Structure formats: structure tokens, C-alpha cells
Amino acid sequence: RSRGPDAVMPRGPGPRHGDDLRPARRPADDGAIAGLVERRRSVVEAELSAAVSGASLCSISKKAGSVPTAKYLEGRLAVLSLLRRAVRSASDVGATLDELRAEWQAELDRVVGGDFGPDWRAYRAGGVDELDELAAAR
């Protein structure tokens with residue numbers, strides 16, 4: 001017998017239309033990402049501290065004007081802090097990383113296409129670069 005377009009197909013254990021067909025991430029993946037986030041955070045904090053010679057970012061930008069290097073590192077540190085919160089809240093860190101990547105890229109595109117200064121471009125680019133490196137490492 002031929003089944004028409006309205007026929008109900010039996011549901012078996014296999015994937016259905018619309019199911020996510022990507023392989024499931026192992027729970028250990030989140031632990032590996034968490035460890036990498038902590039290591040990267042320490043490195044970026046040290047780089048940022050060296051770049052601003054220990055001064056606060058607010059005071060240095062008021063005194064020095066545009067500081068793209070510091071803002072780039074600050075963007076990297078910002079996404080690491082967001083991912084650190086995801087780890088602590090037992091969120092799916094891999095999914096959070098992917099969501100943040102999309103958000104930060106959209107913001108970088110908006111900043112590059114708009115009338116924003118070099119500090120904003122550097123901040124968003126730093127975040128996107130950090131997320132790309134983390135994604136490549138998982």
C-alpha cells in the first residue's frame with residue numbers, strides 16, 4: 001500500500017525530523033572548557049594588568065584617551081567572565097559559548113558598521129577572538 005502525504009509514520013527510536021543530529025557532547029567537555037576558561041582568565045588578567053600598568057580602565061581611558069589594546073584585552077576578559085558564570089551555574093557551557101559567539105559577532109558587526117570609536121571595535125573584537133579560540137580548543 002502506498003502511504004499518502006497525510007499518513008502517520010511510526011515513531012521508532014531513531015531521529016525525527018527536526019531533531020538535533022549532532023553527536024551529544026560528553027559531560028567531560030564542560031569540565032575541560034571550565035578548566036580552559038580559568039587558565040585563559042588568569043593569562044588575560046595578567047596581560048591586561050601589564051597593559052595598563054595596574055591602573056583602572058576607567059582612569060586610564062580618561063587620562064590617555066583611546067586605549068584599544070586595553071579594551072581588546074578587556075573584551076577577552078569579559079567573555080571569560082560570562083563563561084565562568086555559566087560554569088558556576090551548571091549551564092551547558094558549550095551552548096553558552098556558541099550563543100555568546102553569535103551575540104558578540106553581531107555586536108562587533110554593528111560596531112564596525114556604525115559610528116563607534118576604536119575602543120568599542122577593539123573590545124568586541126577581543127571578545128570574538130577569545131570565543132573563537134575557546135571554540136577551536138574544545
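Is Glu130 buried or exposed? In this predicted model, Glu130 is buried, because its relative accessible area is 0%, and a value under 20% counts as buried. The residue is found in helix H5.

**Overall architecture**

- The protein contains five helices and zero strands, which gives the pattern α-α-α-α-α when read along the sequence.
- Of its 138 residues, 30% count as buried.
- The accessible surface amounts to about 9000 Å², and carbon and sulfur atoms account for 54% of this area.
- When contacts between residues at least 6 apart in sequence are considered, 71% of them join residues at least 24 apart.

**The largest nonpolar core**

- The largest nonpolar core comprises 23 residues, and those touching the most other members are Val37, Leu48, Leu83, Trp104, Leu131 and Leu134.
- Two or more residues of this core come from each of helix H1 (27-52), helix H3 (68-88), helix H4 (93-113) and helix H5 (118-137).
- Helix H3 gives the most to this core, contributing seven residues.

**Helix H5**

- Helix H5 has 20 residues and reaches 28 Å from its first C-alpha to its last, which is close to the 28 Å expected at 1.5 Å a residue.
- The buried residues of H5 include Ala122, Gly126, Gly127 and Val128.
- Asp119, Arg124 and Glu130 are also among the buried residues of H5.
- Leu131 and Leu134 are likewise buried residues of H5, and both are among the residues that touch the most other members of the largest nonpolar core.

**Surroundings of Glu130**

- The side chain of Glu130 makes a polar contact with the side chain of Arg76, at 2.6 Å.
- Not counting residues up to four places away in sequence, Glu130 touches Arg40, Val44, Arg76, Val79 and Leu80.

**Aromatic rings**

- Which residues are linked into a cluster by ring pairs? The cluster consists of Trp104, Trp120 and Tyr123, and the structure holds two aromatic pairs.
- The rings of Trp104 and Tyr123 have their centres 5.3 Å apart and their planes at 40 degrees, so this pair is tilted.
- This pair links distant parts of the chain, since Trp104 lies in helix H4 and Tyr123 in helix H5, 19 residues apart.
- Trp120 and Tyr123 form an edge-to-face pair, with 6.0 Å from centre to centre and 85 degrees between the planes.
- Trp120 and Tyr123 are three residues apart in helix H5, and therefore about one helical turn separates them.
- Trp104 is buried, because its relative accessible area is 5%, and Tyr123 is buried as well, with a relative accessible area of 16%.
- Trp120 is partly exposed, with a relative accessible area of 48%.

**Contacts of Trp104**

- Leaving aside residues up to four places away in sequence, Trp104 touches Gly75, Ala78, Val79, Leu82, Tyr123, Arg124, Gly127, Val128 and Leu131.
- Of these contacts of Trp104, Tyr123, Arg124, Gly127, Val128 and Leu131 are among the buried residues of H5.
- Val79 is touched by Trp104 and also by Glu130.

Definitions and conventions:
Residues are numbered from 1 along each chain as its sequence is written. This is a predicted model: local features need pLDDT of at least 70, side-chain atom pairs count only at pLDDT 80 or more; totals for chains, interfaces and linings use all residues. Side-chain values use heavy atoms; hydrogens and water are left out. A nonpolar core is a set of buried Ala, Val, Leu, Ile, Met, Phe, Trp, Tyr and Cys residues joined through side-chain atoms within 4.5 Å. Buried means under 20% relative accessible area, exposed over 50%, partly exposed in between (1.4 Å probe, protein chains only). Helices (H or I, at least four residues) and strands (E, at least two) are DSSP runs, numbered from the N terminus. Contact means heavy atoms within 4.5 Å. The expected span of a helix is 1.5 Å times one less than its number of residues. A polar contact is a pair of N or O atoms within 3.5 Å; within protein, one must be able to donate a hydrogen and the other to accept it, and residues adjacent in sequence count only if both atoms are side-chain atoms. Accessible areas come from the Shrake-Rupley method with a 1.4 Å probe; for residues, only the protein chains shown count as cover. Rings of Phe, Tyr and Trp (its six-membered ring) pair if their centres lie within 6.5 Å; planes under 30 degrees apart count as stacked, over 60 as edge-to-face and the rest as tilted.
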